[in-house]
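Please look over the structure shown below before reading on. The briefing that follows takes up the ligand and its surroundings, then the sheet, and finally some points of backbone geometry.

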Amino acid sequence: MKFGEVKIEAIQGDITKQDDIEAIVNAANAQLQMGGGVAGAIHTAAGRELSEETKPLAPIRPGQAVITNGYNLPNKYIIHTLGPVYGFNQPEEKFLADCYKNSLVLAEDHHIESIAFPAISTGAFGYPFEQAMEIAFSTVHDFAKNAKSVKLIRFVLFSEKDFEQYKNKLNSLG
Ligand code: ADP
C-alpha cells in the first residue's frame with residue numbers, strides 16, 4: 001500500500017530478521033535492557049555492546065524514542081521506544097501514538113529510508129491488539145504525508161493471527 005511516496009506493508013516474521021531494513025524498532029523497557037519479548041530478541045541478536053550503548057540513555061519515558069547502532073543485527077540502527085502499559089500509563093493512546101511518531105522523527109533525523117515496527121505494547125504491556133493496531137496505522141498514515149527520507153514502513157507481526165489483522169486492515173484501506 002502506498003501513501004504518497006511511502007510504502008506501508010505488513011509481514012509475519014521476526015523483527016530481528018529484517019535484512020533489507022535500515023532501522024528496526026524495539027518495544028523497549030524503560031531501562032533499555034534485555035527483558036522478554038521483542039527487547040529480549042533484539043538484545044540477544046545485537047550482542048552485549050548494545051547494552052553498553054543503551055545504559056547511559058536510560059531511563060526513557062513512555063512515548064519517548066532513542067536511537068543506537070544495530071551491532072550484530074543486519075540493521076544499521078535500532079530505535080528503542082517505550083510503549084505505555086495498558087491501564088497504567090495514561091493517556092495510553094497518546095503515549096502509543098508518540099512511540100510511532102517519535103520513532104519516525106528519529107528516522108527522518110538520521111536520513112533513514114526503511115523502518116520496521118513490531119506491535120508495540122501488545123505483548124507484556126497488555127494493550128488490546130486491535131486498538132493498538134488502529135493507533136499504529138493512523139499515526140504512520142499521518143506521518144507518511146510529510147515524510148522525506150522514509151520510503152518504506154514495515155509492520156512485523158509475530159503470529160499468524162496478528163498478521164491477518166494487519167493484512168485485513170491494509171486491504172480495507174486500499
Ligand atoms: P511490550 O512490552 O511493548 O508489550 P512485547 O515485546 O512484550 O512488547 O510484545 C510486543 C509484540 O511483539 C507482541 O505482539 C509480541 O507477540 C510481538 N513479538 C514478540 N517477539 C517478537 C519478535 N521477535 N519479532 C516480532 N514481534 C515479536
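In this predicted model, the largest pocket is the space that the ligand takes up. The shell around the ligand counts 15 residues, of which Val38, Ser121, Thr122, Gly123 and Ala124 come nearest.

**Ligand contacts**

- Thr122 contributes through its side chain, where an N or O atom is 2.7 Å from an oxygen atom of the ligand.
- The protein buries 87% of the 570 Å² that the ligand exposes when it is taken alone.

**Make-up of the shell**

- Sorted by residue class, the shell around the ligand consists of eight nonpolar, five polar and two charged residues.
- Helix α1, which spans residues 37-46, supplies the largest share of this shell, namely three residues.

**The sheet**

- Seven strands form an open sheet with mixed pairing, and their order across the sheet is β1-β2-β7-β6-β3-β5-β4.
- The edges are held by β1 (2-3) and β4 (65-69), and because each of them has a single partner strand, one side of each is left without a neighbour in the sheet.
- As a general point, the strands of a sheet pair through backbone hydrogen bonds, in either a parallel or an antiparallel manner.

**Backbone geometry in the loops**

- Ala58 and Pro59 are joined by a cis peptide bond, with omega at about 0°, and Pro59 has its place in the loop between α2 (49-54) and β4.
- A cis peptide bond also joins Gln90 and Pro91, again with omega at about 0°, and Pro91 is found in the loop that runs between β5 (77-82) and α3 (92-109).
- Leu32 has a positive phi of about 60° although this residue is not a glycine, and Leu32 lies in the loop between β3 (23-28) and α1, the helix that gives the ligand shell its largest share of residues.

Key: Residues are numbered from 1 along each chain as its sequence is written. This is a predicted model: local features need pLDDT of at least 70, side-chain atom pairs count only at pLDDT 80 or more; totals for chains, interfaces and linings use all residues. Side-chain values use heavy atoms; hydrogens and water are left out. A residue is near a molecule or strand if one of its heavy atoms lies within 4 Å of it. A polar contact is a pair of N or O atoms within 3.5 Å; within protein, one must be able to donate a hydrogen and the other to accept it, and residues adjacent in sequence count only if both atoms are side-chain atoms. Accessible areas come from the Shrake-Rupley method with a 1.4 Å probe; for residues, only the protein chains shown count as cover. On a 1 Å grid over the protein atoms alone, a cavity is a set of points where a 1.4 Å probe fits but cannot get out, and a pocket is an open set with protein on both sides within 12 Å along at least five of seven lines; lining residues have an atom within 4 Å of a point. A molecule sits in a cavity or pocket if more than half of its atoms lie within 2 Å of its grid points. Helices (H or I, at least four residues) and strands (E, at least two) are DSSP runs, numbered from the N terminus. Ala, Val, Leu, Ile, Met, Phe, Trp, Tyr, Cys and Pro count as nonpolar, Asp, Glu, Lys and Arg as charged, and the others, Gly among them, as polar. Two strands pair if DSSP finds at least two bridges between them.
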